[in-house]
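Here is a walk through one protein model. Keep the structure open while you read.

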Amino acid sequence: MNKKGILKKILLMIAIISLSVFVYIKFDFKNLSPSIFSDKIRSMGKLSAVFYIIILTLLPLLLFPDSVLVIAGGMVFGLKWGSILTSIGSLIGALIAYYIAKYLGRDAVEKFIKKDPVMIKSGKSGFILILILRLIPLFPFKLVSYSAGLAEVDIKEFSLATFIGSMPGILVYVNLGDKSNNIGSSEFYMAILILVLMTALFYIFKKWYDKKMPEKFSKPEEI
């Protein structure tokens with residue numbers, strides 16, 4: 001890529017980072033719960049879906065818990081549209097984090113997130129590696145994206161693995177948000193049970209993967 005192309009990408013990323021800082025200050029994310037966030041989304045009226053996707057897109061830079069926003073999305077849009085919108089926003093946000101790491105480098109990312117962003121040690125077998133990391137919610141979504149960019153995982157493999165691997169978690173959290181509109185119902189308790197079972201299952205899967213393929217990535221506690 002020529003210097004002009006790289007410069008354009010860097011300027012675009014700077015603009016995205018600036019927008020993220022503005023949004024973070026404007027909405028005081030530190031004090032937002034799913035119910036409060038859902039009210040803010042609804043207050044946008046016809047632009048609520050667009051607003052939701054924009055926030056999801058900026059999420060890697062806002063350093064805000066993914067689950068809180070996704071649950072709020074389920075509360076506002078329901079299971080079907082909440083899942084669709086969350087998938088779109090999460091994928092775009094993952095790509096932004098990927099390219100920021102790829103073009104700005106490790107030092108820039110490390111200064112921004114205050115952590116070592118290197119989780120993935122190799123870009124080889126990118127699809128399988130990213131798919132597994134996305135399927136296990138215990139691996140931080142943002143850090144996986146940053147690390148994939150630094151490891152130069154193939155962008156097509158990264159995108160497809162992110163879309164597929166993120167879907168189970170998205171469905172579970174969106175469903176919990178959807179059922180939170182009727183707290184106390186059997187559907188609400190079932191949604192909580194599904195979340196607990198998913199977390200336990202993925203915890204066991206993570207332990208197995210730690211033993212089987214430790215050479216592929218750094219453990220989350222190391223970052």
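A residue counts as exposed when its relative accessible area is over 50%, and as buried when it is under 20%. Glu 152 has a relative accessibility of 57%, so it counts as exposed. Find Glu 152 in the loop between helix H6 (141-150) and H7. Its backbone stands out. Glu 152 is not a glycine, yet its phi is positive, about 55°. Most residues other than glycine have a negative phi.

How far can the coordinates be trusted? This is a predicted model. The mean pLDDT of the protein is 78. Of its residues, 69% reach 70 or more. Among the elements, helix H7 (residues 155-179) has the highest mean pLDDT, 92. Helix H1 (residues 3-27) has the lowest, 66. Over residues 219-223, pLDDT stays under 50. For that stretch the model has nine contacts beyond four places in sequence.

Now go back to H6, this time for a lysine. Lys 142 lies in this helix. Is Lys 142 buried or exposed? Its relative accessibility is 13%, so Lys 142 counts as buried. What does its side chain meet? A polar contact of 2.8 Å joins it to the side chain of Asp 66.

Next, the nonpolar interior. In soluble globular proteins, nonpolar side chains tend to be buried together. Here the largest nonpolar core has 16 residues. Phe 37, Ile 41, Tyr 52 and Leu 69 touch the most other members. Which helices build this core? Helix H2 (34-42), helix H3 (48-62), helix H4 (66-113) and H7 each supply at least two of its residues. The largest share, six residues, comes from H3. There is also a second, separate core, made of twelve residues. Leu 131, Ala 151, Val 153 and Phe 158 are among them.

How many cavities of 30 Å³ or more does the structure hold? It holds one. The volume of the largest cavity is about 30 Å³. Its lining consists of Ser 87, Ser 90, Leu 91, Thr 162, Phe 163, Ser 166, Met 167 and Ile 170. H4 and H7 each supply at least two residues of this lining. The largest share, five residues, comes from H7.

Notes: Residues numbered from 1 in each chain as written. Predicted model: local features only at pLDDT ≥ 70, side-chain atom pairs only at ≥ 80, totals over all residues. Heavy atoms only, no water. pLDDT = per-residue confidence, 0-100. Helix = DSSP H or I, 4+ residues; strand = E, 2+ residues; numbered from the N terminus. Contact = heavy atoms within 4.5 Å. Buried < 20%, exposed > 50% of the residue type's maximum accessible area, 1.4 Å probe, protein only. Core = buried A, V, L, I, M, F, W, Y, C linked by side-chain atoms within 4.5 Å. Polar contact = N/O pair within 3.5 Å; in protein donor to acceptor, adjacent residues only side chain to side chain. 1 Å grid on protein atoms, 1.4 Å probe; cavity = no way out; pocket = protein on both sides within 12 Å on 5 of 7 lines; lining within 4 Å. Points joined across faces, edges and corners; volume = space filled by probe spheres on them.
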